[in-house]
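User: I am new to reading protein models. Please take me through some features, one at a time.
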Amino acid sequence: MTTAPVAHRTRPRPPDPVRRALNAPPGLGRPLALGAALSLLGALGTALAFVLAARIIAGVLTPPARLPDIGEVLGAALGLGVRALTGAAREALAARLAAHATTWQRGRLTARLLALGPVALSGRRAADLVTLSSELGPRLAPYYARFLPGRAHAAICALVALGVTAWLDPATAALLLVTGPLTVVFLYLVGLATHAATQAQWTRHTRLAGRLLTLTRHLPTLHAFGAVPTYRDVLVRSAGAHREATLRVLRVAFLSGFVMEFAATLATALVAVWIGVRLFGGEATLAPTLAALMLVPEFFGPLRQLGADRHAALDAEPLARDLAALDAVPGAPDGTRDALLDAPELTFRGARADLPGVTATLTGTVASGEHVALRGPSGVGKSALLHALGKYVAHTGQVTVGGVPLDDLNADRWARRVALVPQAPRLLAASVRDNLRLAAPDADDGALWTALREVGLDGVIAALPGTLDAPLGEGGTCLSGGETARLALARALLSGADLLLLDEVTTHLDGDTARDLHALIGRAARGRTVLLVTHRDPPPGWRTLTLEAP
Amino acid sequence: MTRPVRRAGGWRPFLLPALLGVAATLAGVALAGASGRLIARAALRPEVFLSLTLLVTLVRGLGVGRAGLRYAERLTGHAAALRAGEEQRAALFDRVSRFGRDLLARERGGDLLARSSADLDARQFAELRVTLPLLGFAGAALLAGGWLLSLDARLGLSVLGPLLLAAALPWLARARAAELAREEARLAREHGAALLDALSASADGAAQLWAPRLDALNGQLRRVTQAQGHLQTGLTLGREALFALTFTLVLTRGLTLVEAGALGGAWLAAVVLLAAASFDALTPLALVPGAHAAAKAAQERDEALAAVRPAVTDPVASSPLPPGPLPLTLDGVGLTRGGRDLLRGVTLPLPPGARVGVTGPSGAGKSTLLGLISRDLDPTAGRVTLGGTDLRALALADLRARIALHEQDAPLLDGTVEENLRLGDPHAPPERLRTLLDDLGLADLPLDTWVGEGGTRLSGGQRARVSLARALLKRSDVLLLDEPTAHLDPDTEARVLRVLGRECAGRTLLLVTHRPAPLILADQVYRLQDGHLHPLPATRKKVI
């Protein structure tokens, strides 16, 4: 029990897209039905064992005492054996279901992200995507392994226990029929009463966890101003206040667990006492009533388990919401045609990316091999238009490539003709060589050096220890912003793409460096069509296209 | 400060919850036994109902008491765990804060930090999830088994044996479970990294090259999940089979005993029900190995964090600093990072009251130069001195008390504008804060404005000026300004520069900028290029 699940069973039902994303994997129905059949078999086996055991005990106890025949003992053992086997089989089935469903979800997430390409990286932090992929297993597996099969299991076990009890001793069944639903009602009422408090507590808990993280993130500033001890005090004080508040809420929140326990044990006690009174009065016989008593925990147990399994569903929700959100981004339609082999000639008529918030459109042409600067106020969708040109997202209006509508182009083959250099290119934590060969795995060192020379980086790389083998990225050599941009440009040149889409590659550079880079792009990309998004003055001799607000 | 945190507060706070937990588990087992005894006695129709009253009361009491005991256990257990967590939180902050200004520069450190919050939870609740369930089970097994043993040795063993074996099963499987969990985490991380690489490559149209590798990783992950399932299946089968075995053994042995007259027939129901109920006490044990592994992994990560050495540490015995303005000198400073020389033989004297500007191309190492003075990092060659003493011999707090810093990205604390300004001077009168903001062109920014996470609710220009004001407010002899006017339009820039000129009178000023305007504040300007510092002639400084 953490403080986190305090908020359980009180949140509103998840919205539909979340449920749809969770239930998307195909082939969930059959294993679930099979699991339910196993639950039924197991519950019947348990009932058989208990009924026979009660009969055996009653036989030796009530006069005339008789010894059990071996069949009864073996029958009880058989019932329990069935229970053990079906339980294990259900577990195996659930594990296979979880493995299948999480693999499917991960595969789908991967395919979706690859289709979105740079779009997936532009809107969110890279770390979030990694979290999404690495949390997928731990968060979704319990949902498929526990929660989904658990619901049917709880219902079946409770119904079988109730049915068999009704056959054995209707009075006990009636008692269960009253206490069972009453427990659910009480749980619901307790949930209502604690809803607001647990919500508030959940927020506070997140804030405290966040506060520690934020403070550590601010440590540089705190150190610079000698304020570390002050803020440590603040942290300790707020943690103390947090503990007291948490305990106040837990006192109420644990009531739901209390109700469940109370109902289960009190029902057992009530059933036992009532049966005792009736047996004393001679209104009942021992064998069926003893079996009924033994079945009481089988009625409440699965209900209690279902309450615990709900955490699995709540844990899966935030992740499923992210998956659903990714699904909602419209992808570009795929076609079958190919663009002409020359450097692409582009025509735009009222074109823009089909994304929310993107309004400004582009009209104009870019000749084959021409270098054009693309301008417009920030936030109107210049980067998004580049993404649409790469067929990573859908577009509206008209875009043609050498006369062929963009939508009719085959996405895979078109992707090989296009290279996009983002605002902040990411270097792999690998050697210079591996970074350069990202899109051209077969390029030899000669080709790499040529590309490096074209972007004026050959001197820098040659000076590194290990030259092409020098490690880059996390923990490796630090390249400056300008050098990283030039390396990404070399990578794009090597890819063999004849349409270069450059997205604000000079934003973080000072004026001189930016001018150098612009001149260099003009030289290195000769013969290729270039579309350069920039806030600065366009390089001399480049034509400018401007996005227009509607 | 660096010793591993194990169990803050010791075991004492957990004594009461442990006792309550054992009592609650026992109450459950005893309830089953007493119920069986009650109805068996009742079925024998004793002369008077009164002889059953004690049992009836016992059953009722156990029925009500168990839920209450469990509730009390959970509440007291959480209180103890939260108290322990509080101490661990403070200890974690201490551990992280010794890194000062360089932790977040390390990716590994950042990773450890990001996990630390979940890890705190894992360790904080380890007692609740590991120790208490184990104690509860042990108590129940001991008492139930002990009673049965006292009745008959073979009867006791036929319950205790399978029960202990069933409890040991998850424990025996814990190494395999932990291994699978580690494998799953490793593969998931690799899949995430490959996914990121693929997305970076997608810009060059090469995403599809990664698809086979991603598929392979996904397949491996599937196999790990399945292996986890197999393990779980085995555990379930073992537990249930042992239950079936116990039940059958107790039943047959009990019958034999009744037949031989060694056990009253009325006790048989009690014995069978009690044996069955004692298996219920196993349920919470299923989660123990997982919680234990999580707490252990958290502990290991904590130790890994403790083992990371900060790049900059306090000297063992620090030299005292004399009061008053002191000369600051960079003396033949060189800095090598990742195999590249960022600075080579940089010498820069800053006598008290000097005003120096440094300019140069992006990435030349201008900010690094300031970092050497505030000791975010130490030079690989040469030395930086304050008042003739090497900075590495000074206590970090003493050094930083003498320096006011404005950083390029102007990081603000989550809080109000005033809270941020008060970092500079906790005791400044409110009018002083207000006037300074007004002078900097922030007249319409109330002091109680909430700045948002990292200052994101302010515009770049507002944030930069609040950070500048904060540095100016600090009573220190040395002022280090990194791109003080980066986000400002020319009018505001001129206004800010006037305020800076006024406020830094009498203080040593070192400013770093790639914009030309701020250099009018400097008496001497240097250009930093290719790791060398070149003085620019005084006449040229206006035209840069």
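User: Is Asp469(A) buried, partly exposed or exposed, and what is its relative accessible area?

Analyst: First, the ground rules. This is a predicted model, where local features need pLDDT of at least 70 and side-chain atom pairs count only at pLDDT 80 or more, while totals for chains, interfaces and linings use all residues. Residues are numbered from 1 along each chain as its sequence is written, chains are lettered from A and ligands numbered from 1 in the order in which they are written, and side-chain values use heavy atoms, leaving out hydrogens and water. Now the idea: buried means under 20% relative accessible area, exposed means over 50%, and partly exposed lies in between (1.4 Å probe, protein chains only). Asp469(A) is partly exposed, because its relative accessible area is 48%.

User: Which residue meets Asp469(A) in a salt bridge?

Analyst: Side chains of opposite charge can pair when their charged atoms come close. The cut-off for a salt bridge is a side-chain nitrogen of Lys or Arg within 4 Å of a carboxyl oxygen of Asp or Glu. Here the partner is Arg433(A), at 2.6 Å, N to O. The two are 36 residues apart, so the pair links distant parts of the chain: Asp469(A) is in the loop between helices H15 (458–463) and H16 (481–494) of chain A, and Arg433(A) is in helix H13 (432–436) of chain A. Helices (H or I, at least four residues) and strands (E, at least two) are DSSP runs, numbered from the N terminus. Arg433(A) is buried, with a relative accessible area of 17%.

User: What is the strand order in the open sheet of chain B?

Analyst: Two strands pair if DSSP finds at least two bridges between them. The four strands have the order S2-S1-S4-S5, with antiparallel pairing. S2 (340–350) and S5 (389–390) of chain B stand at the edges with a single partner strand each, so one side of each has no neighbour in the sheet. S1(B), residues 328–337, pairs with S2(B) over seven bridges. In S2(B), Leu343(B) is the bridge partner of Leu335(B).

User: Which residues does Ala79(B) contact, leaving aside its neighbours within four places in sequence?

Analyst: Contact means heavy atoms within 4.5 Å. Ala79(B) is in contact with Arg243(A) and Leu247(A). Ala79(B) itself lies in helix H2 (50–97) of chain B. At 23% relative accessibility, Ala79(B) counts as partly exposed. Now compare sequence with space: Ala79(B) and Pro13(B) are 66 residues apart in sequence and 8.7 Å apart, C-alpha to C-alpha.

User: What is phi of Lys391(A), and where does Lys391(A) lie?

Analyst: Phi of Lys391(A) is near 65 degrees, a positive value in a residue other than glycine. Lys391(A) lies in the loop between helix H11 (382–389) and strand S4 (395–401) of chain A. At 7% relative accessibility, Lys391(A) is buried. Asp530(B) also has a positive phi, near 55 degrees. Asp530(B) is exposed, at 61%.
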